[in-house]
Amino acid sequence: MDAPKVVMITGVSSGFGRAMAVKLASQGHKVYGTVRREVEALPGVTYVQAEVQDEASVAAAVKAVVAAEGRIDVFINNAGMGIGGPIEFTPMADAERQMDINFMGMVRFLHYVVPQMRRQGGGRILCFSSIGGLMGLPFQGFYSASKFAIEGYCEALRLELRGKNIDVVLIEPGDFATGFTASRKSTLAPEAYTAYPTYAESLKSIEHDEQSGLKPEFLAEKVARIVACKHPAYHYIISTLEQRLSVTLKALLPQSWFAAILASYYKLK
Ligand SMILES: NC(=O)c1ccc[n+]([C@@H]2O[C@H](COP(=O)([O-])OP(=O)(O)OC[C@H]3O[C@@H](n4cnc5c(N)ncnc54)[C@H](OP(=O)(O)O)[C@@H]3O)[C@@H](O)[C@H]2O)c1
């Protein structure tokens, strides 16, 4: 392996974050993982407290890693969550929270990480989007919107950082079995279920796809390769072949055909 890198990962208490922290620490990297609650110790992983909705806590977490190591070679923005439900019935507070955690949480970290990488002469940033950041998913509209926002921000940031030796890479997972399903928030009025009678069945099939999906360790292996490679691609769809194919179909098919495929898949009328 090349020289060990200082890797900072957000949200290592479960799922992808935990699997990436375990994998990268096992390869000898100096891994710092953010958490916001007590978690079991992982060998080779140093925990840093951070609530992504709180800018002061984000700033302190980045400062702590830089104080300990003098640099951050790789920053992985992974922390996130999803809400479910028809857009029409989503309470404003839930919509704002979704955007604040997934999108603004990343913005808050990069506000402190990018200048550090520029000062140190380079680095690599991996941001977790989703296949839901490449197509609007029914009943996950605000989740998709938060990931589309990440896509747009990262495309712009990558251009602005040209010539500064900082790579910006988007990670777009398909369905994986993590803590994501159990932590999905859905605080809907009962009327939502009568106005959108297909929602309950769609949600069941979304949850089934996630929980029968790939294991986070599969993604961690791929991410370890992205961390190690000399010239990473702009984005990586990490999923089953079928889910990768859906992205290709969206690009190739007339929009109405693709919408019909998605509607049938999600059991919409
Ligand atoms: N699983 C999938 O199928 C899938 C597919 C595509 C993309 N993704 C993306 O992958 C990323 C990781 O998700 P996961 O599947 O590994 O889910 P997960 O097991 O639920 O892990 C999410 C992590 O984010 C942390 N987190 C959530 N809200 C936070 C907040 N406000 N402040 C600080 N930390 C917070 C959680 O901490 P706590 O334990 O304290 O809540 C946890 O460590 C997310 O960005 C998600 O959108 C997941």
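In the predicted model, an oxygen atom of the ligand lies 3.4 Å from a backbone N or O atom of G15, a polar contact in the sense of a pair of N or O atoms within 3.5 Å (within protein, one atom must be able to donate a hydrogen and the other to accept it, and residues adjacent in sequence count only if both atoms are side-chain atoms). A backbone N or O atom of F176 is placed 2.9 Å from an oxygen atom of the ligand, while a side-chain N or O atom of E51 lies 2.7 Å from a nitrogen atom of the ligand.

The ligand is surrounded by 28 residues, the closest being S13, S14, E51, Y143 and T178, with a residue taken as near if one of its heavy atoms lies within 4 Å. By class, this shell holds eleven nonpolar, twelve polar and five charged residues (Ala, Val, Leu, Ile, Met, Phe, Trp, Tyr, Cys and Pro count as nonpolar, Asp, Glu, Lys and Arg as charged, and the others, Gly among them, as polar). Helices α1 (15-26) and α4 (141-160) each supply at least two residues of the shell; helices (H or I, at least four residues) and strands (E, at least two) are DSSP runs, numbered from the N terminus.

Eleven aromatic pairs are found in a search of the whole structure, where rings of Phe, Tyr and Trp (its six-membered ring) pair if their centres lie within 6.5 Å, and planes under 30 degrees apart count as stacked, over 60 as edge-to-face and the rest as tilted. The pair of F16 and F176 is edge-to-face, because the ring centres are 4.9 Å apart and the planes stand at 80°. As F16 lies in helix α1 and F176 in the loop between β6 (166-173) and α5 (190-195), this pair ties together parts that are 160 residues apart in sequence. Both F16 and F176 are buried (under 20% relative accessible area, with exposed over 50% and partly exposed in between; 1.4 Å probe, protein chains only).

Y193 and Y199 form a tilted pair, at 5.5 Å centre to centre and 45° between the planes; Y193 is partly exposed, with a relative accessible area of 37%, whereas Y199 is buried at 0%. One aromatic cluster is formed by F89, F139, Y193, Y196 and Y199.

Residues are numbered from 1 along each chain as its sequence is written. Local features need pLDDT of at least 70 and side-chain atom pairs count only at pLDDT 80 or more, whereas totals for chains, interfaces and linings use all residues, and side-chain values use heavy atoms, with hydrogens and water left out.
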